[in-house]
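Hi,

Here is the structure I promised to pass on. Have a look at it first, and then read my notes below.

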Amino acid sequence: MRVSIFRFVPGMDAKPRMQDYEFELPRDRDLMVLDVLEQLKAHDSSISYRRSCREGVCGSDGMNMNGKNGLACKTPVSEVAKRDRLELRPLPGLPVIRDLVVDMSQFYRQYERVEPYLNNDSPPPAQERLQSQEERAKLDGLYECILCACCTTSCPSFWWNPDKFLGPAALLQSYRFLADSRDTATEERLAKLDDPYSVFRCRGVMNCVNSCPKDLNPTRAINQIRTLLVKSGT
Amino acid sequence: MKDSRPVFLDLLKIRLPIAALVSILHRVSGAALFVASFYLLFLLAMSLGGSTEFEQLQLTLATPLHAVVLWLTLCLFSYHFLAGLRHVLMDLHMGESLRASRIGAISVMVSTLVACVLSGVWIWL
């Protein structure tokens, strides 16, 4: 198999280039894309990428594999390789620091904007703020996000307005706290989202859902926020 | 300071779902309809000019060039309307799953084709 990797080393490369590597796939089993990268790095230590847990929990190794974003550690080569070719590029739309490593500052700034923590001004009870099973169930499909940025960097609306449109990951987290029965800042949260860009730039392209390695649905969360905004009459 | 770091955003190398194509074409058809509205306004103004102008307009619209332009405008309108309807349905929480969105996007494409054929039949037959 031929593996083409997006290479850019600051100070050495004036612009990015694709570097080809030949890779012998084992016949008896499938490999994850990260396994391929690890073995290539053993021969060429200059290849740079992020990785940590290698089991889809830390969200470090998000990258673009043959055109689709995903986590290299849980994407089987057989699923993405086409005609014996695997092309690896960094997450789209973010500045490349080196090779497959991108600067996620913009992504984190948008995450920070939605105040991803419980806001509750009532005095805390002695032990914990309780929820009914139904209230807790509303958070399913929202809290599991690992912030790998696969969704946000596959979203055309985020590519064009990265500073104004919050992006699917931040909006999923925004709804996670809007839907939380223990959070009392719903009105304030909605007021901060009420502009033409933050939420309403979503055009239902669904590439976020298409690329989420945790099978979450940010589009659904965004539509829920829109409904809340309409109902709140802001 | 200007950021000199490269950004990977080669749209030919990034795979997008069919809903993305529907969304892009929705904008393109919207822009084209805006241009076409001047043509339609011109036809309207002509038709309101009097009985002579009205008859002249009927003869003008029968020419192949005008028939094709009118047909294209109808196709654009059908597409823009149907894709817009899909957005409204999504706002009403219908078709929010990946599979449903794909079915919705394909339905928009197929219904537009049907609408184009029907408008062609209406104009030429």
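Let's start with one helix. In helix H1 of chain A (residues 33-43), the buried residues are A:Val33, A:Leu34, A:Val36 and A:Leu37. If you look down the axis of H1(A), these buried residues fall within an arc of 155°, so they line one face of the helix. Turned away from that buried side is a face with the exposed residues A:Ala42 and A:His43. And what covers the buried residues of H1(A)? The cover includes strand E1 (2-7), strand E3 (62-65), helix H2 (77-80) and strand E5 (85-89), which belong to chain A.

Before you go further, keep in mind that this is a predicted model.

Next, zoom out to the whole of chain A.

Now for the inside. In soluble globular proteins, nonpolar side chains tend to be buried together. Here, the largest nonpolar core has 70 residues, and A:Ala72 and A:Leu171 are those with the most contacts inside it. Helix H6 of chain A (residues 168-178) gives the most to this core, with 7 residues. The core also draws at least three residues from each of domain 1 and domain 2 of chain A.

Which residues is A:Leu171 in contact with, leaving aside its neighbours within four places in sequence? They are A:Leu166, A:Val199, A:Pro218, A:Ala221, A:Ile222 and A:Ile225.

Last, there is chain B. Here 22 residues of chain B are in contact with 29 residues of chain A. Helix H1 (18-47), helix H3 (64-91) and helix H4 (98-124) of chain B each supply at least two residues of the side that touches chain A. That side of chain B divides into 11 nonpolar, 5 polar and 6 charged residues.

Happy to go through any of this together.

Cheers

Definitions and conventions:
Residues are numbered from 1 along each chain as its sequence is written. Chains are lettered from A and ligands numbered from 1 in the order in which they are written. This is a predicted model: local features need pLDDT of at least 70, side-chain atom pairs count only at pLDDT 80 or more; totals for chains, interfaces and linings use all residues. Two residues are in contact if their C-beta atoms, placed from the backbone, lie within 7 Å. Helices (H or I, at least four residues) and strands (E, at least two) are DSSP runs, numbered from the N terminus. Ala, Val, Leu, Ile, Met, Phe, Trp, Tyr, Cys and Pro count as nonpolar, Asp, Glu, Lys and Arg as charged, and the others, Gly among them, as polar. A nonpolar core is a set of buried Ala, Val, Leu, Ile, Met, Phe, Trp, Tyr and Cys residues joined through C-beta atoms within 7 Å. A residue is buried if 20 or more other C-beta atoms lie within 10 Å of its own, exposed if 12 or fewer, and partly exposed in between; C-beta atoms are placed from the backbone. Domain bounds come from an automatic or database domain assignment. The arc is that of the directions from the helix axis to the C-beta atoms.
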